Amino acid sequence: MFHVKHLPKNNSFDVIVVGGGHAGLEAALACSRMGESNVALITLDKRAIGRMSCNPAIGGLAKGHLVREIDALGGEMGRAADVTGIQFKTLNKSKGRAVWSPRAQIDKKEYERYVRQLISFSNIVVIEAEVVKVLVKKYTFYGVVLRGGEKLYSRVAILTCGTFLNGLIHIGHRKIRAGRMGEESSAGLTESLISLGFTSGRLKTGTPPRLNRDTINQEGLKKMFGDIKPTPFSFRTKNFAPPNEPCFLATTNEETHEIIRSSLHESPLYSGEIKGIGPRYCPSIEDKVVRFSDKPSHQLFLEPEWMGAEQIYTNGFSTSLPENIQLKALRSVKGLERVKFIRPGYAIEYDFFPPSQLKASLETKSVKGLFFSGQINGTSGYEEAAAQGLMAGINAFLFTQEKPPIILRRDQAYIGVLIDDLVTKDTSEPYRMFTARAEHRLMLRHTNADRRLSEIGNSIGLIDDFDYKKTVNKLQAIDKMVSFFNSTNLTPDGINEFLIMKGQSPINEPATISKILSRPTINIGDLYNLLPRNAFYSDDQNINDVMSEVETIIKYKGYIQRQQARLEFLSRNESTVIPNDFDYMAAVGLSTESKEKLSSIRPETLGQASRISGVFPSDVALLSVLLTAF
């Protein structure tokens with residue numbers, strides 16, 4: 001299979017991207033938009049580009065931060081979600097603002113249609129084929145070999161193979177060689193990479209059954225809607241008025257759990273047939289029943305996969321049990337007594353390559369010009385894949401221009417946390433982003449991603465000057481409002497009646513607006529009707545974003561200042577470069593375990609070295625001394 005209308009002379013491209021999932025899509029678009037690059041996107045099925053193979057949603061806890069950052073850098077996922085979303089909701093609003101996270105239900109069919117149209121209007125050549133080998137000479141990438149023996153050439157390639165590398169689907173004891181249900185797996189590329197000295201591993205993920213909507217008794221289920229005033233993912237989205245399609249909440253019960261417990265011997269996860277390690281934080285229903293045996297029920301969110309969909313995604317019921325057991329268990333749930341499947345749930349095993357073999361740019365350490373991104377690096381989720389794809393695409397293009405890569409710091413972006421975790425920590429299970437992974441999360445709010453990253457996006461050509469100017473204007477408005485609130489006093493006569501009405505103690509002398517706003521029960525919306533209009537941003541399109549960010553900056557001022565002080569202290573050693581040829585084994589005083597870990601991972605900076613599991617703080621301190629004499 002090798003379908004393409006127009007190939008360039010000598011089958012040569014500037015960039016080759018292997019895989020058309022969320023990582024491949026962002027990588028290819030970034031390369032094509034940053035310059036007049038001739039980009040080849042090689043995929044097994046061009047109809048599956050950008051396919052949402054699992055849940056019909058974008059964003060969520062911490063993942064929403066990633067989507068906002070992708071957008072601030074000039075990536076596409078946020079805008080695609082805004083255009084095709086059918087329900088939007090900000091999660092975690094009962095907690096601090098640092099961990100608020102946007103999430104959207106997506107019309108999967110429209111999402112695929114939208115991204116395919118983007119590709120069709122770009123200078124990306126889509127090639128429907130299978131890559132079975134990478135070509136390397138003197139530790140430098142120069143091309144790929146397709147299944148039919150054809151060769152394509154390039155200075156740089158990005159491998160974004162998803163779950164397709166030797167993919168194996170499990171439904172009970174039944175096994176199907178596939179990358180996704182109904183799509184062929186890819187064989188040969190893993191072996192090619194291993195022959196070049198790469199180390200591979202095996203991971204497992206799963207997906208739940210898809211239910212026929214007409215067989216669900218919705219009257220017995222709770223409707224779940226999104227926000228009445230939703231917030232878009234993209235800072236560039238205007239006139240945002242999406243639909244609010246409901247999901248439905250169901251709950252398992254003891255009968256459900258007993259059906260599953262009595263059938264565990266039928267699950268390949270428990271019988272030992274599945275060798276790959278699954279995601280701890282997205283467990284199968286079998287895992288939930290066993291690991292949380294004290295819980296009488298588990299929530300199932302029934303999510304439409306597109307507007308008016310007859311196909312319903314059973315979020316919370318990932319499984320590899322036989323189809324008849326899956327059906328029996330679900331029919332014990334209220335509202336699902338007569339449910340029928342469109343497709344059963346299944347588990348899938350696939351090859352991955354531990355990402356400690358990568359630089360922070362996502363270029364491999366052993367082969368120059370070869371980049372990995374997405375699930376090939378052991379991650380789980382559309383958002384993690386898209387973030388890596390965007391950064392790999394950016395750095396691959398910069399590689400072709402012989403320019404230094406862009407490396408985001410941990411205090412600069414969740415994307416920086418994601419990639420730093422991957423290249424410095426052992427990946428024993430599919431990696432999923434959480435707010436708890438970001439030690440500087442108060443600085444990394446989803447609402448300030450444009451402040452942190454849009455300048456970078458503009459500098460590399462992914463954010464145009466018009467959009468960047470609008471962002472700058474908004475950020476200046478935020479700073480101006482904060483300054484006004486910090487310097488403008490309210491008098492007792494002007495504010496005490498309001499404070500008493502809100503159950504707050506009155507003031508005895510003039511106090512700044514900021515001091516009043518910093519009180520826990522006072523919000524900026526309360527003050528809007530009490531203050532002159534010139535105190536607020538005048539652009540109706542962004543006024544809510546501006547006011548929300550101003551409120552956050554003022555209420556969290558003390559915490560933010562403490563975190564900034566800590567960052568300044570930590571940054572002294574963070575960027576200290578470790579030469580690639582540094583001989584750890586010969587370093588006197590380093591512990592044996594640290595020598596082995598450092599020699600294996602070969603961190604690029606002292607900051608990376610400090611975060612490697614098994615490397616002791618005392619060894620990092622010694623290493624900093626040794627480097628001054630190197």
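The crossing of helices α2 and α10 is left-handed. This comes from a predicted model. Helix α10 covers residues 382–400, while α2 runs over 63–73.

How close do the axes of α2 and α10 come, and at what angle do they cross? They come within 9 Å and cross at roughly 25 degrees. Angles under 35 degrees count as roughly parallel, so α2 is roughly parallel to α10.

## The contact between them

Which residues make this contact? From α2 come K63, L66, V67, I70 and L73. From α10 come E383, E384, A386, A387, L390 and M391.

Now sort the residues of this contact by type. Eight are nonpolar and three are charged. No polar residue takes part.

Rolling a probe the size of a water molecule over the atoms shows where empty space is left. How many cavities of 30 Å³ or more does the structure hold? There is one. The largest cavity has a volume of about 50 Å³.

## What lines the cavity

Helix α2 returns here. Together with α12 (449–459) and α13 (465–487), α2 is one of the helices that each supply at least two residues of the lining of the largest cavity.

The lining is made up of D71, A72, F235, R236, D450, S454, I463, D467 and T471. How do these residues divide by type? Four are charged, three are nonpolar and two are polar.

## Recap

D71 and A72 are among the residues that line the largest cavity.

Definitions and conventions. Residues are numbered from 1 along each chain as its sequence is written. This is a predicted model: local features need pLDDT of at least 70, side-chain atom pairs count only at pLDDT 80 or more; totals for chains, interfaces and linings use all residues. Side-chain values use heavy atoms; hydrogens and water are left out. On a 1 Å grid over the protein atoms alone, a cavity is a set of points where a 1.4 Å probe fits but cannot get out, and a pocket is an open set with protein on both sides within 12 Å along at least five of seven lines; lining residues have an atom within 4 Å of a point. Grid points are joined across faces, edges and corners, and a volume is the space filled by probe spheres set on the points. Helices (H or I, at least four residues) and strands (E, at least two) are DSSP runs, numbered from the N terminus. Ala, Val, Leu, Ile, Met, Phe, Trp, Tyr, Cys and Pro count as nonpolar, Asp, Glu, Lys and Arg as charged, and the others, Gly among them, as polar. Axes are lines fitted to C-alpha atoms, for helices over the stretch in contact, and angles run from 0 to 180 degrees between N-to-C directions. Angles under 35 degrees count as roughly parallel, over 145 as roughly antiparallel, 65 to 115 as roughly perpendicular and the rest as oblique. A crossing is left-handed if the near helix is turned anticlockwise from the far one by less than a right angle, and right-handed if clockwise. Contact means heavy atoms within 4.5 Å.
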